[in-house]
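Keep the sequence and the 3D view open as you read.

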Amino acid sequence: MSETSIRRAVAAFYQACAARDVERIAAMLDDDVDWLVQGPVDVFSFFGQRRGKAAVLDGFREFARQLEVTGLGLEALLVDGDRAAALIRLTAIVRATGRVMSVRGSQFSRLRDGKIVEMRGVADSFDMVEQAIGRPLDLPNPEELVSAA
């Protein structure tokens, strides 16, 4: 695939995600896709490692159970060979609290035959948790951590 066709495939994937069209998303995933989004799985169960199309689609469904997406924008997309890096902006309502959350994330994908075979996602999950609970996390002062060591 050319970089132009990979760019189109990745852009179409994010359009399907923004539309929350699980059928279109499924069509763009390889059967053996390797998917990892870093984050606290005990707070947001859609984070973590998933292998295979069925497991990834379960993650999308869990995401939809926890967050009502109100906006998903592709802010930047870089393509190099069979790989793509995307900077995205997600705005959503946390279903459990009704709070609005807005976060940026980066996703790094590898494609083969027009389908995503690997994806690695990074988001500011600390910020996500604070926005979800509506307050800053109560963490020890960094100086206290150093003196305790």
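Predicted model: local features only at pLDDT ≥ 70, side-chain atom pairs only at ≥ 80, totals over all residues.

## Helix H4 and its resting place

The buried residues of helix H4 pack against S4, S5 and S6. Residues are numbered from 1 along each chain as its sequence is written, and side-chain values use heavy atoms, with hydrogens and water left out.

Which residues of H4 are buried? They are Ser125, Met128, Val129, Gln131 and Ala132, where buried means under 20% relative accessible area, exposed means over 50%, and partly exposed lies in between (1.4 Å probe, protein chains only). Seen down the axis of H4, these buried residues fall within an arc of 165 degrees, so they line one face of the helix. The arc is that of the directions from the helix axis to the C-beta atoms. Just after H4 comes Gly134, with a positive phi of about 80 degrees.

Now look at Gln131, which lies in helix H4. Not counting residues up to four places away in sequence, Gln131 touches Arg99, Val100, Met101, Ser102 and Val103; contact means heavy atoms within 4.5 Å. Gln131 and Val117 are 14 residues apart along the chain, and their C-alpha atoms are separated by 31 Å.

Strand S5 covers residues 100–112. Its covered face holds Met101, Val103, Gly105, Gln107, Ser109 and Leu111, and its uncovered face holds Val100, Ser102, Arg104, Ser106, Phe108, Arg110 and Arg112. In a regular strand the side chains alternate between the two faces of the sheet.

What joins S5 to the strands beside it? Strand S4 (residues 83–94) runs antiparallel to S5, and eleven bridges join them. Two strands count as paired if DSSP finds at least two bridges between them. In this pairing, Leu87 stands opposite Ser106. S4 and S5 form a hairpin with five residues between them, and Gly98 in the turn has a positive phi of about 80 degrees.

Phe108 has Arg120 in S6 as its bridge partner. The hairpin of S5 and S6 has two residues between the strands, and Asp113 takes a positive phi near 55 degrees there.

## The whole sheet

Step back, and you can find an open sheet of six strands in the order S2-S1-S6-S5-S4-S3, with mixed pairing. Its edge strands are S2 (48–51) and S3 (67–80), each of which pairs on one side only. Strands pair through backbone hydrogen bonds, either parallel or antiparallel. S3 and S4 run antiparallel and are joined by twelve bridges, with Gly73 opposite Arg89.

## Helix H3 and Phe63

Helix H3 (residues 53–66) lies across S1, S2, S3 and S4. Phe63 has its place in helix H3. Is Phe63 buried or partly exposed? Phe63 is partly exposed, with a relative accessible area of 21%. Leaving aside its neighbours within four places in sequence, Phe63 is in contact with Phe46, Val69 and Leu90.

## The nonpolar core

The largest nonpolar core has 37 residues. Such a core is a set of buried Ala, Val, Leu, Ile, Met, Phe, Trp, Tyr and Cys residues joined through side-chain atoms within 4.5 Å. Among the residues with the most contacts inside this core are Phe13, Trp35 and Met101. Phe13 is in contact with Ile25, Met28, Leu29, Trp35, Phe60 and Ile116, leaving aside its neighbours within four places in sequence.

## The chain as a whole

The chain has five helices and six strands, running α-α-β-β-α-β-β-β-β-α-α from the N terminus on. Its C-alpha trace spans about 55 × 35 × 25 Å along its principal axes. Of the 149 residues, 38% count as buried.

Note on methods
Helix = DSSP H or I, 4+ residues; strand = E, 2+ residues; numbered from the N terminus. Axes fitted to C-alpha atoms, helices over the stretch in contact; angles between N-to-C directions.
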